[in-house]
Amino acid sequence: MGKPLVSAVGRGRPVVLVLRALGLGDLLTAVPALKALRRRLPGHEIVLAAPEWLAPVAAATGLVDRLLPARAAGREVPADLAWTGPPPDLAVDLHGNGPPSHLLLQRLGPRRLLAYAHPGTPYIPGPVWREDEHERQRWCRLLGWYGFDADPDDLGIPAPTAASPAPGAIVMHPGADAGARRWPGERFAAVAGELRRRGHEVVVTAGAGAGEEARARYVAAAAGLPPSAVLVGADGDLPFDRLAALVAGARCVIVGDTGPAHLATALGTPSVVLFGPVAPRLWGPPTTPRHRALWHPCGTPSPRPGDAHGDLPDERLLRITTEEVVTATLDVLNTERGVAEPGGGAEEQEGRARKPRDRAGTPEGRADKKGDRRAEPGCQVAEPDGRASGPGGRAMTREVLR
């Protein structure tokens with residue numbers, strides 16, 4: 001099992017360098033592993049190699065002492081790390097599985113490197129990589145192999161101290177960084193309109209990507225919400241402290257398989273999460289009454305039947321109807337109030353949740369193999385961006401809003 005985990009001789013605190021140069025959801029799914037490192041090595045400085053924009057997120061976890069800016073295109077491995085000073089006492093590969101990330105860390109000369117085994121780096125001991133595994137479990141299993149006590153259910157982060165800009169609202173986030181995981185905006189609008197009709201306050205947030213703010217404003221306008229219901233920052237994306245405060249104070253978050261879904265999980269906020277190209281058992285929330293994951297694989301055995309980074313809405317995502325999302329949201333709200341919910345609580349279903357797991361379980365965390373991106377046959381409705389919304393779109397909108 002290698003050398004014992006003791007401090008290396010050198011000036012200052014010994015350093016643990018953790019590579020996780022991905023996105024918001026990726027960082028939050030690594031929280032249980034980061035907690036294990038912090039518990040086992042309280043005297044070490046934990047440095048996270050990740051995109052610079054994630055610095056406030058890393059700080060909010062209370063688990064990272066310093067962020068080392070690192071990023072690459074898509075979900076690739078950074079070409080290098082701007083590391084200065086003595087070699088790290090310990091380097092931990094939470095980015096992926098393969099020589100690019102292994103060698104990137106090894107070049108820094110750490111006293112010890114923790115990583116999954118790979119035939120391209122046979123001299124690095126480690127556990128065997130599993131494709132069908134939730135991301136939180138994946139990294140806890142890695143650390144467990146090396147003797148760390150890591151609990152994948154220990155995923156919470158401290159509540160933000162800032163006040164929510166919309167306390168008690170239902171937060172809707174219709175964006176995602178890939179079209180395959182964007183449920184049609186028209187359907188988000190139908191859900192928002194129905195919840196508003198039932199007396200709930202609904203606010204809409206946007207991501208930082210191109211067209212995200214316009215999408216959020218379209219959803220709000222189509223739902224009959226006032227312009228003030230759209231909460232955005234200077235570049236579309238809300239600053240993390242405001243987003244965290246908003247999510248922490250929300251009654252429920254309705255979102256696709258993207259970063260704010262993981263933020264709701266980390267803050268213990270009820271959520272309804274919509275899945276398409278990747279199964280909830282790989283990236284979903286915990287299977288508790290507080291969270292509902294909707295997915296319609298329709299007999300597909302693969303947990304990754306589609307391309308999570310594709311341009312068009314995944315066909316499984318398009319199978320989710322507006323009525324389902326409204327019903328799931330009301331069930332979650334009733335559960336939180338202690339009201340008996342029709343239809344059975346938080347159990348998973350093809351259309352409710354499957355057991356949590358995750359998406360970066362591809363080698364080096366890169367995009368999964370492309371799947372079938374055809375829309376299902378049925379009602380085809382033109383969205384503002386020209387894409388078809390597929391079944392459950394305008395026809396279901398009329399049904400829900402009757």
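How are α6 and α7 oriented to each other? They are oblique to each other. The legends below describe close-up views of a predicted model.

**View 1. The chain as a whole.**
The chain holds 13 helices and 11 strands. Of its 402 residues, 60% are buried. Among contacts with a separation of 6 or more, 68% join residues 24 or more positions apart.

**View 2. Helix α6 packs against helix α7.**
Helix α6 spans residues 185-197, and helix α7 spans residues 212-222. Their axes lie 8 Å apart, at an angle of about 40°. The crossing of α6 past α7 is right-handed. From α6, the contact draws on G185, E186, F188 and A189. From α7, it draws on R215, Y218, V219 and A222. By class, the residues of this contact are 5 nonpolar, 1 polar and 2 charged. Helix α7 also lies across β6, β7 (202-205) and β8. It runs at about 160° to β7.

**View 3. An open sheet of 6 strands.**
The strand order is β8-β7-β6-β9-β10-β11, and the pairing is parallel. The edge strands are β8 (230-231) and β11, each of which pairs on one side only. Strands of a sheet pair through backbone hydrogen bonds, either parallel or antiparallel. Within this sheet, β6 (residues 170-173) pairs with β9 (residues 252-256) over 4 bridges, in the parallel sense. H173 stands opposite V255 in β9.

**View 4**
Strand β10 (residues 271-274) pairs with β11 in the parallel sense over 4 bridges. V272 has R292 of β11 as its bridge partner. In a regular strand the side chains alternate between the two faces of the sheet. In β11, H291 and A293 point one way. R292 and L294 point the other way. All of these residues are buried.

C298 sits in the loop between β11 (291-294) and α11 (315-318). Is C298 buried or exposed? It is exposed, with a relative accessible area of 53%. The cut-off for that class is over 50%. Most residues other than glycine have a negative phi. The phi of C298 is positive, near 55°.

**View 6**
How many of the residues of strand β2 (residues 45-50) are buried? The count is 6 of the 6, so the strand is largely enclosed by the rest of the structure. E45, V47 and A49 point one way from β2. I46, L48 and A50 point the other way. Strand β1 (residues 15-19) is joined to β2 by 5 bridges, and the two run parallel. The bridge partner of V15 in β2 is E45. Strand β3 (residues 66-69) also pairs with β2 in the parallel sense, over 4 bridges. There, L48 stands opposite L67 of β3.

**View 4. Helix α5 under cover.**
Helix α5 (residues 135-145) is mostly covered, with 8 of its 11 residues buried. The buried residues are E135, R136, R138, W139, C140, R141, L142 and L143. Which elements cover them? The cover includes the helices α1 (24-29), α2 (31-40) and α10 (280-283). It also includes the strands β4 (90-93) and β5 (112-114). Just after α5, G147 takes a positive phi of about 100°.

**View 5. Helix α8 crosses helix α9.**
Two packed helices are described by the angle between their axes and the distance between the axes. For α8 (residues 240-248) and α9 (residues 259-267), the axes come within 9 Å and cross at roughly 60°. That makes α8 oblique to α9. The crossing is right-handed. Helix α8 contributes F240, L243, A244, V247 and A248 to the contact. Helix α9 contributes L263, A264 and L267. By class, the contact has 8 nonpolar residues, with no polar and no charged ones.

Note on methods
Residues are numbered from 1 along each chain as its sequence is written. This is a predicted model: local features need pLDDT of at least 70, side-chain atom pairs count only at pLDDT 80 or more; totals for chains, interfaces and linings use all residues. Side-chain values use heavy atoms; hydrogens and water are left out. Buried means under 20% relative accessible area, exposed over 50%, partly exposed in between (1.4 Å probe, protein chains only). Axes are lines fitted to C-alpha atoms, for helices over the stretch in contact, and angles run from 0 to 180 degrees between N-to-C directions. Angles under 35 degrees count as roughly parallel, over 145 as roughly antiparallel, 65 to 115 as roughly perpendicular and the rest as oblique. A crossing is left-handed if the near helix is turned anticlockwise from the far one by less than a right angle, and right-handed if clockwise. Contact means heavy atoms within 4.5 Å. Ala, Val, Leu, Ile, Met, Phe, Trp, Tyr, Cys and Pro count as nonpolar, Asp, Glu, Lys and Arg as charged, and the others, Gly among them, as polar. Two strands pair if DSSP finds at least two bridges between them.
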